[in-house]
Amino acid sequence: MTVEVHSSTTASAATLVSSCASPRSSSPYTYTASETPASCALGTALANNTLYYARTAVVDDQGLWNGTWSPWTAFYTAFNNPPAPVISCPAPFATDGTWLPSAPSSPTVTCTITAAGVVGDYGAAGYLDVSVDGAPVSRVKIPASTDPTVAKTTVTVNVSAKGAHGITATAVSRALKTSAPVTYGLGWGDAASLTSPGTGATSSGKVVVAAGGPPRGGATAVTAQVQWRVAGTTAGGWTNAGSAVPVTAPTASTLAAFTSTFDLHSAVREEGATADVPKRTPVRLDVQVCFTYAGTAVTRCTWEPSPVTVTRLPHAFGDGYPTTDAGGGQVAQYTGEVAISGTDVSVPGYTGDISISRSHTSFAGDGTVANWPSDSVTGVFGPVFTANLDGSDAGLAGLTVVDNTGVDGSVAFVDEEGEPLVFTTGCRGYQMVCVREGVADLKEFDCE
């Protein structure tokens, strides 16, 4: 296959910019198989912001071709990043950071995001990545234009939720180049709220924590403190994550904005607890930010208006994390962790084989076996291995059960790659059966 790139469709030696051919040899014959895509790399770099035309021709292993080229394909080069988008909201939120003492009368606030390109630059945005209040990013296709009234989209903010609200937008060109992210804040009422992470977020490392609180008013300063607790009870005390930090509050009437990161693995032991939070099983953590206003007796925390629970994963397998095969297992490219599994015994059954297998997931361990959990059931093969009794592939057969009801009120089913399927009970508690004179009474601990 031969590819030519020209500056116009009037093909000549003068318009030829570059060409290339897919690999081939005469002895032994090496060609691209029929119906298989072929490719080659141009030997000359193309210029930025330029319109080109490409065509291709094919030849078989006998040197024969049909004497014609393919139709022209026009394409642009766009090496530049698109300009950052602009977020604008209607009055009374026309200024970034506006805070009202009470909610506006309309049920929603509709804001506009524009991403106009630069005249003469093909790197104009063709998409906008948008998130409102920590929700998953949504990619919106927009017309590529230098006119901001054309290259735009709109988002809405729910007025019924008091506290701070945040809009984040990133422009993405048609060549998938991205701009710097842009944020816009607004809020109302006497409450603070969390805009990131969104509830249900999962991570094996750090999460971005963003929150906003009421204006500082007569306070001399505002500080913010990230706090966490193991999920499953509203009575559990909160544990500080690091120290309180000063918050940017441009004026006495604009919202107090806070952005930081929280390393989920720093959540080791809850305040007042006697045991560490499990490290090698999925754990659900409640997260909040508390704003303290110096010179006053006011503290506003985000949990009540915007409760957020995240799941800490002990690994980076599944859920979209990239992996690659390595020997008898696979490596998580995000963290370098290794997962290996193997079958020890397999016996034919009625609906499928019944087998005993073991799996190992490194969980970025410390290189020793001293700190690995072991028990008499799943730990029969010793530290670092998890034993599994596998049956039919139907349903949840073959998954390992991790009972965290006493920790965060959850039960997790974990596959051999360490990916969990987490179910929650809503509280930290147990049920027990008391037998008295042959009568079984079911009692439940108070989850409060």
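1. A residue is called buried when its relative accessible area is under 20%. In this predicted model, cysteine 111 has a relative accessible area of 0%, so cysteine 111 is buried. Its disulfide partner is cysteine 89, which is also buried, at 8%.

2. A disulfide is a covalent bond between the sulfur atoms of two cysteines. The whole structure holds three disulfides. In the link of cysteine 89 and cysteine 111, the sulfur atoms are 2.0 Å apart. The torsion about this S-S bond is about 110°, so the disulfide is right-handed. Cysteine 89 sits in the loop between β7 and β8, and cysteine 111 in strand β9, 22 residues apart.

3. Cysteine 20 and cysteine 40 form another disulfide, with 2.0 Å between their sulfur atoms. This link is right-handed, with 50° about the S-S bond. Cysteine 20 belongs to strand β2, whereas cysteine 40 lies in the loop between β4 and β5. Cysteine 20 is buried at 10%, while cysteine 40 is partly exposed at 28%.

4. Cysteine 290 and cysteine 301 are also joined, their sulfur atoms 1.9 Å apart.

5. The side chain of aspartate 286 makes a polar contact of 2.7 Å with the side chain of threonine 309.

6. Serine 70, in the loop between β5 and β6, is partly exposed at 25%. A polar atom of the serine 70 side chain lies 2.9 Å from the backbone nitrogen of threonine 56.

Methods:
Residues are numbered from 1 along each chain as its sequence is written. This is a predicted model: local features need pLDDT of at least 70, side-chain atom pairs count only at pLDDT 80 or more; totals for chains, interfaces and linings use all residues. Side-chain values use heavy atoms; hydrogens and water are left out. Helices (H or I, at least four residues) and strands (E, at least two) are DSSP runs, numbered from the N terminus. Buried means under 20% relative accessible area, exposed over 50%, partly exposed in between (1.4 Å probe, protein chains only). A polar contact is a pair of N or O atoms within 3.5 Å; within protein, one must be able to donate a hydrogen and the other to accept it, and residues adjacent in sequence count only if both atoms are side-chain atoms. A disulfide is a pair of cysteine sulfur atoms within 2.5 Å.
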